[in-house]
Amino acid sequence: MSSVFSNKALHRIQRASSRRYANVIRQQAKKKKNSEAKEQQKIAPASASAKRDASPAQRKNAASINANSVGPQQEIAQAGDTIPLLFCKRVLISGTRYGGTWIQPDLLKQASYNFNGVFLYAISQGNVATLPSVQQAYIGSVSLKFLPNVTIPTIAQYYKSQSQMAAAKNVCPITSGKIFCDIDTAYYTERFNSPKGFIRRDPPTRPILYFNGRFIVRGVGDTTNTTWTVPGTAIKIFEVATGIDRTANFWANSVYPGGVGFTFLFNSRFSNQQLVGGQAVGYVLDFKAAGSYFPPDANFFTDVYGTSEPCVEIYPEGTVNKQTNSSNPASTGELYGEELETGVSPVADPTSFPSSYDFTVFSDITFLEIQGEIYDAFQSGSPRKTTRQLSVFYKNGANVVLYSQGLSTTGPSNQFVDLAMHLFALIKRANPSNALIAQPIDTSNLQALATFCENIKAFFNGVIDQSVNVVEYVTDIAPFFLLSFISKNGRYSLQPLLPLSSNNINVSALTPVKTFTEADILPGSFSKVYFDQAQRRDFIVSIIFRESSAQEIGGQRTKTVRFSTTANDAPTEQFDMTDFCTNQEHAEIYAKYELSRRKHSTHTISFNVPLLTTSLIPTQIIKVQRQRINTTGDNRTEIETYQVTGVEHASDGITSILAMHFPVNGSNVSLISNDIVNTTFEVV
């Protein structure tokens with residue numbers, strides 16, 4: 001996990017302040033117009049994987065799919081992609097269900113076994129113990145359970161922990177026997193022999209792998225009297241790497257009677273060695289019994305093509321005969337061709353790999369396997385390979401240590417505090433079994449914060465699908481849960497953005513933790529900065545969040561929130577919570593916080609005091625009392641309430657304090673908190 005930092009703004013300021021830069025600007029202005037082309041974009045080398053990781057196509061949160069379309073094509077995983085973290089939990093509160101999330105995983109592996117599709121998806125880091133139902137898995141815009149004209153596909157889920165894999169490194173977690181951990185072991189559709197012409201090419205690994213195969217007749221209607229032929233004189237063979245014509249070598253080494261004069265016959269059906277017609281649609285011929293393999297043939301290319309290099313065989317369009325047996329009526333159906341399925345493996349039994357193999361890279365990942373006909377519609381003359389994007393609804397995400405419940409157990413969670421601790425555990429900065437490792441993060445208040453988040457229905461239900469800097473990520477996301485991620489006495493800590501009482505927003509009189517007077521503040525250190533007018537004017541908040549209905553793919557929703565006195569044409573600011581928010585209550589309370597904070601908080605302050613020996617941390621409430629003196633003679637004492645946003649202790653014995661205006665009414669009740677809890681907002 002990494003981040004890149006820059007300070008381009010500071011660089012521009014420094015550059016603009018120099019005379020030399022001003023001269024450069026004047027010189028550039030004198031250049032010809034055609035020399036003012038846009039500067040070529042600078043891209044960091046060796047960053048292709050990171051750029052793909054950050055691309056919109058790699059987002060795993062389900063997007064809205066038009067019900068009238070088949071949806072986008074399935075995203076395929078590539079080397080270097082980030083395995084997502086599925087973090088969610090569906091709960092029932094007062095008769096209403098909250099949470100769960102849709103995920104659109106990448107396709108990791110694809111196979112064809114007995115001409116049925118087999119598909120493997122990487123769902124999440126960690127163990128997702130809940131298996132989704134078939135009706136809550138969609139291909140494009142259609143549920144697997146309701147796919148027309150096919151048998152309902154089956155789904156299975158696989159997971160092995162790191163300790164399980166370490167104990168048996170050669171045992172793959174995927175145990176269906178149809179998709180394998182080994183990269184060289186697969187069942188796949190090799191080619192499609194079409195009457196309109198086709199190409200045969202054996203893989204370069206053909207001489208070193210065990211193999212088997214079968215083919216199936218594809219078409220529609222009756223094809224029992226249809227065959228097609230291609231004369232041997234029409235085919236061509238070329239060496240792939242060099243392009244050398246190896247046709248003569250092929251016929252010189254062939255076992256076909258008549259050599260080049262041989263005619264290839266396809267879809268033929270024999271009885272007592274006599275041609276009696278064609279094969280029916282759906283007919284399957286196995287070259288080897290299921291589960292068994294032919295041994296590798298080290299001399300395959302040499303024996304067939306007279307060269308050690310792989311070659312390609314080109315078969316042109318053949319001659320179709322719908323009345324192969326003149327004694328029977330002509331076939332009325334259409335023959336598409338023969339689909340060939342091949343199995344390859346470096347071992348004779350791919351269900352039991354030798355101990356020398358190591359599949360531990362597949363540990364601690366939850367995989368979902370789908371078996372069934374989820375391909376796009378069959379097209380004559382080509383194998384079925386593509387599918388629409390898979391979307392799956394998960395009620396529960398990966399099991400994590402539940403700090404929200406006092407470390408008593410593990411399980412799925414929707415609590416942000418559990419997510420934060422799990423992310424730190426992933427980078428080895430937190431471990432409930434090791435107190436020394438757990439020290440960098442204060443865990444003493446996590447249960448209380450979890451209760452607060454549950455009370456305001458602020459839940460995390462989403463997918464982390466990109467590499468993140470954990471500290472930055474937790475810091476940036478925490479405010480959406482009305483929390484702040486701070487440094488407290490040398491440790492990280494989560495604190496509420498608003499004062500709490502009994503794990504609810506406090507709308508009673510506040511008691512500041514400390515009052516600072518002019519006797520405390522070092523002379524000349526106090527400064528006050530007011531927010532600019534644009535930040536203080538009335539505005540409307542637009543919040544985007546996601547649906548979490550298990551009945552249809554969760555699309556995005558939006559709500560606008562404003563004070564009832566705000567004009568309809570006030571500027572609108574949008575906040576995107578689609579990565580984790582799936583309920584309106586959560587979206588609304590954050591919108592109310594933003595509106596109230598911007599309405600009542602007008603400025604920030606900073607000042608220095610002699611070194612504080614008592615604890616003062618960000619989010620705490622303080623008072624500042626100062627004597628205002630001016631030339632008009634109306635000197636008076638100013639008392640303001642603030643929320644600490646930063647505390648720094650210097651080696652010279654000075655403590656610097658930053659704080660944001662946090663006004664209270666005459667009863668010392670926070671204006672921001674009171675608005676959030678008691679003011680009626682207009683929500684559309």
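**Close-up 1. Strand E21 and the lining of the largest pocket.** Strand E21, which covers residues 334-345, contributes six residues to the lining of the largest pocket, and this is the largest share of that lining. The structure shown in this and the following views is a predicted model. The pocket has a volume of about 1100 Å³, and among the 45 residues that line it, Arg191, Asn193, Arg200, Tyr256 and Phe287 lie nearest its centre. Rolling a probe the size of a water molecule over the atoms shows where empty space is left.

**Close-up 2. A salt bridge between Arg218 and Glu339.** Here the side chains of Arg218 and Glu339 meet in a salt bridge, with 2.7 Å from N to O. Because Arg218 belongs to strand E12 and Glu339 to strand E21, the pair ties together parts that are 121 residues apart in sequence. Arg218 is buried, since its relative accessible area is 16%, and Glu339 also counts as buried, at 1% relative accessibility.

**Close-up 3. A salt bridge between Asp286 and Arg214.** The structure holds 14 salt bridges, and in one of them Asp286 pairs with Arg214, the closest N and O atoms being 2.6 Å apart. This pair links distant parts of the chain, for Asp286 is in strand E18 (residues 284-286) and Arg214 is in strand E12 (residues 210-220), 72 residues apart. Asp286 counts as partly exposed because its relative accessibility is 40%, whereas Arg214, with a relative accessible area of 2%, is buried. Side chains of opposite charge can pair when their charged atoms come close.

**Close-up 4. A salt bridge between Asp442 and Lys488.** The side chains of Asp442 and Lys488 meet in a salt bridge, at 3.4 Å from N to O. Asp442 sits in the loop between helix H8 (435-438) and helix H9 (446-455), while Lys488 is in strand E27 (residues 483-488), so that distant parts of the chain, 46 residues apart, are linked by the pair. Asp442 counts as buried at 6% relative accessibility, but Lys488 is partly exposed, with a relative accessible area of 23%. Elsewhere, salt bridges that share partners join Arg200, Asp202 and Arg206 into one network.

**Close-up 5. The disulfide of Cys172 and Cys181.** The structure holds one disulfide, which joins Cys172 to Cys181 with an S to S distance of 2.1 Å. The link of Cys172 and Cys181 is right-handed, with 75° about the S-S bond, and both Cys172 and Cys181 are buried. A disulfide is a covalent bond between the sulfur atoms of two cysteines.

**Close-up 6. Two loop residues with positive phi.** Asn114, which is not a glycine, has a positive phi near 55°, and it lies in the loop between strand E5 (107-113) and strand E6 (116-125). Thr619, likewise not a glycine, has a positive phi of about 85°, and it lies in the loop between strand E36 (603-610) and strand E37 (621-628). Asn114 is partly exposed, with a relative accessible area of 40%, whereas Thr619 counts as buried because its relative accessibility is 11%, and buried means under 20%.

Close-up 7. Leu265, Phe270 and Leu275 make a nonpolar surface patch of about 250 Å². Leu275 is found in strand E17, residues 274-278, and counts as partly exposed, at 36% relative accessibility.

Note on methods:
Residues are numbered from 1 along each chain as its sequence is written. This is a predicted model: local features need pLDDT of at least 70, side-chain atom pairs count only at pLDDT 80 or more; totals for chains, interfaces and linings use all residues. Side-chain values use heavy atoms; hydrogens and water are left out. Patches are made of residues with over 30% relative accessible area and no salt bridge: like charges are joined within 9 Å, nonpolar side chains (Val, Leu, Ile, Met, Phe, Trp, Tyr) within 5 Å. Accessible areas come from the Shrake-Rupley method with a 1.4 Å probe; for residues, only the protein chains shown count as cover. A salt bridge is a side-chain nitrogen of Lys or Arg within 4 Å of a carboxyl oxygen of Asp or Glu. Helices (H or I, at least four residues) and strands (E, at least two) are DSSP runs, numbered from the N terminus. Buried means under 20% relative accessible area, exposed over 50%, partly exposed in between (1.4 Å probe, protein chains only). A disulfide is a pair of cysteine sulfur atoms within 2.5 Å. On a 1 Å grid over the protein atoms alone, a cavity is a set of points where a 1.4 Å probe fits but cannot get out, and a pocket is an open set with protein on both sides within 12 Å along at least five of seven lines; lining residues have an atom within 4 Å of a point. Grid points are joined across faces, edges and corners, and a volume is the space filled by probe spheres set on the points.
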